[in-house]
Amino acid sequence: MPPDPKKEADWFVSTKEMTKEALKLSFQMNRQYTLSKDQYTATMHDNFMALSLAVRDRIVERWIKTQQGYHKKNVRRVYYLSMEFLIGRLMGNNMYNLGIEKQATDALDELGLDMELVREQEVDAGLGNGGLGRLAACFLDSMASLGVPAHGYGIRYDYGIFNQKIKDGFQIELPDEWLRYGNPWEFARPENTVNVRFYGKMQTEHDHKGKVKHKWVNTQDVMAVPYDFPVAGYKNDVVNTLRLWSARGTEEFDFDYFKSGDYAQAVYKKILSENISKVLYPADDISQGKELRLKQEYFFTAASMSDIIRRFKSENSNLHDLPQKIAIQLNDTHPTLAIVELMRLLLDEYDFEWQAAWEVTAKVFAYTNHTLMPEALECWGVDLFEKLLPRHMQIIYDINAFFLKGVSARYPGDIDRLRRMSIIEEGYPKKVRMAYLAIVGSSFVNGVSKLHSDLLQEKLFKDFYDLYPEKFNNKTNGITQRRWLLKANPRLSSLLMEKVGDGWVMDLDKLEKLNTFKSGKAFQERWADIKKKNKESLVRYIASSMKIDLDPESIFDVQIKRIHEYKRQILFAFYIISQYLRLKHDPKEFIYPRTFMIGGKAAPSYHMAKLTIKFINNIADIINRDKGVNNKIKLIFLENYRVSLAEKIFPASDLSEQISTAGTEASGTGNMKFMMNGALTIGTLDGANIEMAQKVGDENIFIFGLKAHEVEALRHKGYHPQNTIEKNPMLKEIFKLIHSGFFSPHDVKLFAPIVQSLTHHDHYLVCADFESYCQKQDEVSRLYLNKEEWTKKSITNVAQSGYFSSDRTIREYAKDVWNVPTGN
């Protein structure tokens with residue numbers, strides 16, 4: 001139906017209202033006047049856009065008021081810098097946070113539209129690769145919901161994380177054109193465009209007082225154009241901002257080339273400039289990719305620092321007061337250049353003395369480390385730095401000299417310590433250690449789980465911890481229950497609200513009240529019925545999208561995460577093979593049917609990870625075609641794992657696979673999402689699994705495998721995987737099958753790299769943990785036979801998940817690191 005002309009005058013007034021009628025009118029007006037469509041010409045995507053704009057209208061007023069309030073009160077602000085923000089779909093999240101999901105659903109229903117069909121039109125904003133970007137998105141939600149004056153900064157990639165297709169079992173990467181049909185949630189802010197410089201050379205001059213002045217000249221410039229995304233808090237009228245930068249050429253085209261007919265060369269500089277924000281994580285196994293990656297890191301940090309200072313100066317006059325008014329959090333090492341850029345601005349643009357500039361800079365930043373693997377810590381060649389950012393290389397040398405002078409004073413004569421701690425790694429080629437720069441230039445350094453933080457202090461950054469013990473702290477990661485429980489699992493959320501009220505939406509610890517119901521048979525039956533319905537929903541989705549029929553009565557055993565050797569998808573695959581062999585050799589020993597699900601993307605240049613995906617798909621092909629076993633076990637690879645798919649999987653899962661080698665996973669957040677949705681966990685004592693075990697009790701989690709110190713001891717003693725394989729008949733048979741080409745009959749040697757890696761090295765101890773893993777999996781199957789006991793443990797996991805809310809993490813950052821109040 002078209003909008004009622006009599007009500008059109010009320011359109012703008014109605015954007016403040018949250019009623020069904022007001023939303024219906026906003027939807028109709030946006031469809032007609034913004035999109036120029038009616039009920040006959042509108043596509044389903046047009047209907048999505050119209051509803052999004054209706055929701056957005058209600059956010060904007062609150063957004064403006066929030067930002068005006070921050071400005072008028074001149075509040076201390078938090079700036080969260082991250083290369084990734086895996087925000088996924090936003091319409092559902094925004095409706096829930098505004099408290100209008102039911103009203104909007106009813107409004108569409110009266111217009112003859114189905115909310116689920118409309119919401120499915122939204123494309124995931126895949127501006128991240130995995131846990132790092134999803135954590136950043138959760139943190140933005142928590143900061144807004146807790147009333148923390150915060151701004152996120154990142155890159156508006158034209159193409160996000162690639163779309164994954166599986167063809168003949170292999171991963172194929174396709175462009176993620178998330179902006180193809182427009183994005184209703186962003187606002188371009190060209191008036192705040194920032195000029196970012198690269199290359200060039202340095203000139204040294206003296207001013208009239210004889211002071212040395214450094215001039216960066218003959219640069220190649222790129223324009224950073226900001227796009228703002230509103231981040232709505234939960235029912236508190238607070239709306240913060242995520243600002244993402246898009247690269248634009250300073251010149252549209254070279255007119256001289258254009259006049260001569262060389263049209264490609266006329267726009268060459270423009271295209272080259274705009275490549276900076278074209279794609280998330282260019283391949284860095286080639287020199288051009290490395291250079292583009294470093295360009296990206298400087299591009300967004302330089303633009304962000306300029307913007308932060310612009311905002312500071314609109315409310316304050318003395319840049320010496322920066323530490324009193326801003327706190328900048330570096331989400332991993334990628335934004336570390338912000339430290340150097342602030343030094344450059346203070347020294348070269350604002351005429352600070354070096355010591356004064358450093359005192360301001362070192363008080364402003366805090367650094368979160370997200371990895372324990374030395375090879376994952378960013379190091380950039382000095383030659384590349386000197387070519388791309390010559391002034392910054394000078395400043396890094398100065399910072400390093402200042403820092404090493406302090407180290408030398410503390411540890412006189414300890415040359416080896418100076419070598420170990422230097423920001424510049426000597427050798428060929430010389431490199432800049434970005435993690436070391438982040439530690440030196442920050443007032444706080446944190447890990448993201450208790451084990452991770454302990455290992456940073458005891459192993460990876462021990463020298464720095466010895467020097468700066470007061471800098472180091474732990475902030476265990478968390479997830480937002482508003483997306484991952486309230487939105488993702490409405491059936492369970494409804495039961496929780498009925499039994500314990502809605503307080504858990506902002507205080508997840510309130511779910512502990514569930515412990516008083518977990519032994520009640522009637523409650524257990526309702527709980528189990530919700531899980532069954534969630535499984536049936538996923539079964540229908542998979543049947544529709546993958547043409548595979550699944551048994552909802554089977555155990556849904558799931559591992560969904562980035563494909564990497566340390567996450568040990570191979571260990572899970574070996575267990576699946578063992579169950580296949582058990583059914584073939586001795587079916588009476590098989591305990592309970594399972595549906596195995598694996599999902600995740602492999603980096604395009606990571607050969608072993610991509611081969612792992614092929615291996616999993618070939619196993620699935622064997623199992624799923626075998627009529628003798630496929631009524632007992634099935635294996636599916638979930639193509640193109642993403643946030644919106646994750647929201648379907650977590651509520652339906654029975655068992656969560658968190659099986660990384662102990663001492664490798666910094667924290668993990670997928671483990672928390674499974675836990676919050678009632679899945680039980682099988683895992684190693686790694687990352688946040690340790691704290692999960694402490695919260696639920698050892699009897700409510702399945703822990704197996706070597707501990708972190710045992711892993712180190714085994715490697716130190718000398719680990720020989722061949723001996724382990726020979727002692728385990730099942731493992732021996734699995735390797736024999738792979739070697740014989742059973743899983744690759746058309747290319748017997750296809751999986752030889754996997755065999756060779758595991759039999760000669762097995763760095764991540766797949767073989768060493770295999771027997772313990774299989775024994776624990778048998779415990780899982782036996783427990784599942786006792787549905788009452790399983791359900792009780794499922795309830796316990798949800799009841800004890802409060803600690804893993806990102807609200808708790810943000811409160812800790814706000815109190816211990818940022819020194820800002822939280823409104824809740």
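When I say buried, I mean a residue with under 20% relative accessible area, while exposed means over 50% and partly exposed covers what lies in between, all with a 1.4 Å probe and protein chains only. By that rule Ser-806 is buried, its relative accessible area being 0%.

Before going on, please keep in mind that this is a predicted model, in which local features need pLDDT of at least 70 and side-chain atom pairs count only at pLDDT 80 or more, whereas totals for chains, interfaces and linings use all residues. Residues are numbered from 1 along each chain as its sequence is written, and side-chain values use heavy atoms, with hydrogens and water left out.

Ser-806 belongs to helix H35, residues 806–818, where helices (H or I, at least four residues) and strands (E, at least two) are DSSP runs numbered from the N terminus. What does Ser-806 touch, leaving aside its neighbours within four places in sequence? Its contacts, meaning heavy atoms within 4.5 Å, are Cys-138, Phe-139, Ser-142, Gly-478, Ile-479 and Thr-480.

Let me turn to helix pairs. Two packed helices are described by the angle between their axes and the distance between the axes. Here the axes are lines fitted to C-alpha atoms, for helices over the stretch in contact, and the angles run from 0 to 180 degrees between N-to-C directions.

For helix H24 (residues 569–585) and helix H33 (residues 766–784), the axes come within 10 Å and cross at roughly 55°. Angles under 35 degrees count as roughly parallel, over 145 as roughly antiparallel, 65 to 115 as roughly perpendicular and the rest as oblique, and H24 and H33 are therefore oblique to each other. On the H24 side, the contact includes Phe-572, Phe-574, Tyr-575 and Arg-582, and on the H33 side it includes Phe-770, Tyr-773 and Asp-778. By class, with Ala, Val, Leu, Ile, Met, Phe, Trp, Tyr, Cys and Pro as nonpolar, Asp, Glu, Lys and Arg as charged, and the others, Gly among them, as polar, this contact has 9 nonpolar, 2 polar and 2 charged residues.

The second pair is helix H22 (residues 490–500) with helix H23 (521–546), whose axes come within 9 Å and cross at roughly 160°. H22 and H23 are therefore roughly antiparallel to each other. Among the contact residues are Arg-491, Glu-498 and Lys-499 of H22, and Arg-526, Trp-527 and Lys-533 of H23. The class count for H22 with H23 is 6 nonpolar, 2 polar and 6 charged.

Beyond its neighbours within four places in sequence, Phe-615 is in contact with residues including Ile-570, Phe-574, Ile-738 and Phe-751.

Finally, some backbone details. Tyr-199, in the loop between strand E8 (194–198) and strand E9 (201–206), has a positive phi of about 60° although it is not a glycine, and Tyr-199 is buried at 14% relative accessibility. A cis peptide bond, with omega about -5°, joins Tyr-428 and Pro-429, and Pro-429 sits in the loop between strand E16 (424–425) and strand E17 (431–433).
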